[in-house]
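User: Hi, could you walk me through this protein? I'm new to reading structures.
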Amino acid sequence: MFGDLIFRQLFDAASSTYTYLLGDPQSRQAVIIDTVFEQHFRDRALVEELELRLVAALETHCHADHVTGAWLMQQATGCRIGISKRYGDAIQGADLRLDHGDRVAFGKPYLEVRATPGHTDGCITYVSDDRRMAFTGDCLLIRGAGRCDFQQGNASTLYRSITEQIFSLPDDCLVFPGHDYSGRTMSSVGEERAHNPRIGGHADERDFVGFMENLNLAHPKHIDVAVPGNQRSGRPDDARTPRPADWGPVRKSYAGLLEIEPEWVAEHLDEVLVLDVRQPEEQDERLGRIPGAQLIALSELRDRVAEVGRAKPVISVCHAGMRSAQATVILREAGFSDVANLRGGMLLWRQLGLPVMNGN
Ligand SMILES: N[C@@H](CCC(=O)N[C@@H](CS)C(=O)NCC(=O)O)C(=O)O
Ligand SMILES: [Fe+2]
């Protein structure tokens, strides 16, 4: 269905926004469309875990309902930030100003840029090179279309964008929108042309404009923060990048777990509390234990959590790093904020030649 591409659709529940990751399995180059600031660690972990190299964080438009994660992605990966050139000086920080007909390549595959204004004057749709996928942003939604009542929106313009630029794509071209408020994930050009209640069937421009002018929607809740934030490409006022933890180089995995590298822990053993959650019999096996580690088996951790010191960040460890990941969940539920799982467990610790007691 997705040709030879690596493809992931991600969802931000707070703003009902879809983010799309597209990667080339050969070159490992990738682009990400419409990131959300608050989902940065999730998106970044997925890019890393799929071993992709991000070339661009692309916007379909300047959003009114959430702040983009593009600047954070650029800080983390060095990728470019792409948005329509039609916004001109209103947008700072973007270094890929896209025009109708441009191509954004990631390895051999590319996305074709189509200008589809109407929801805002700088809305663009990204079409895959085989024309099997269109990322329509808020131009065409599933059984809907983006509102036209702010940010230079214009319903007549949107009518032309949808009919000329989207409905001219093949019927089986899949439509991936910028949002869906009812849990629908994708549609197709043929399906929307037939069934879209705003512009499908025999609707003409008057029908569409009449519909759109009477939507009577409340303004997005966060418009006053979102638009200025997006005009800075998502760069916060103080240009500070949030981190998963301020006490050490903690990484948040796509699974949502906090983990830390063994080398850092070995160098900072006196600043942390190492909590070994293996069964007692395992702790005496040949892998040995980390000097100074407190021993509480995972099966007992909930009952004995009061024994765990709260003065220092807690690093949990087990044989391979799976059970200790669950220990971080239990600790966080018990109110420990500074916790991380030791990546790779005792197996990796030993493999790296880091210090142990009682090992052989
Ligand atoms: N309730 C949402 C606003 C939703 C909204 O206005 N979405 C825009 C896209 S940014 C839209 O075009 N919606 C069309 C519709 O809901 O029919 C919020 O407060 O953020
Ligand atoms: Fe929008």
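Analyst: Here is a short tour of the domains, a sheet and the ligand site. This is a predicted model, in which local features need pLDDT of at least 70 and side-chain atom pairs count only at pLDDT 80 or more, while totals for chains, interfaces and linings use all residues. Residues are numbered from 1 along each chain as its sequence is written, and chains are lettered from A and ligands numbered from 1 in the order in which they are written.

User: Okay, which domains does it have?
Analyst: The domain assignment, which is automatic or from a database, gives domain 1 (6-231) and domain 2 (251-351), and their C-alpha centres lie 42 Å apart.

User: How do β3 and β4 pair?
Analyst: Strand β3 (residues 29-33) pairs with strand β4 (residues 53-58) in the parallel sense, over five bridges, and A30 stands opposite L54 in β4.

User: Switching topic, which residues are around ligand 1?
Analyst: Among them are S15, D65, H119, R147 and K221, where a residue counts as near if its C-beta atom, placed from the backbone, lies within 6 Å of the molecule.

Key
Two strands pair if DSSP finds at least two bridges between them. Helices (H or I, at least four residues) and strands (E, at least two) are DSSP runs, numbered from the N terminus.
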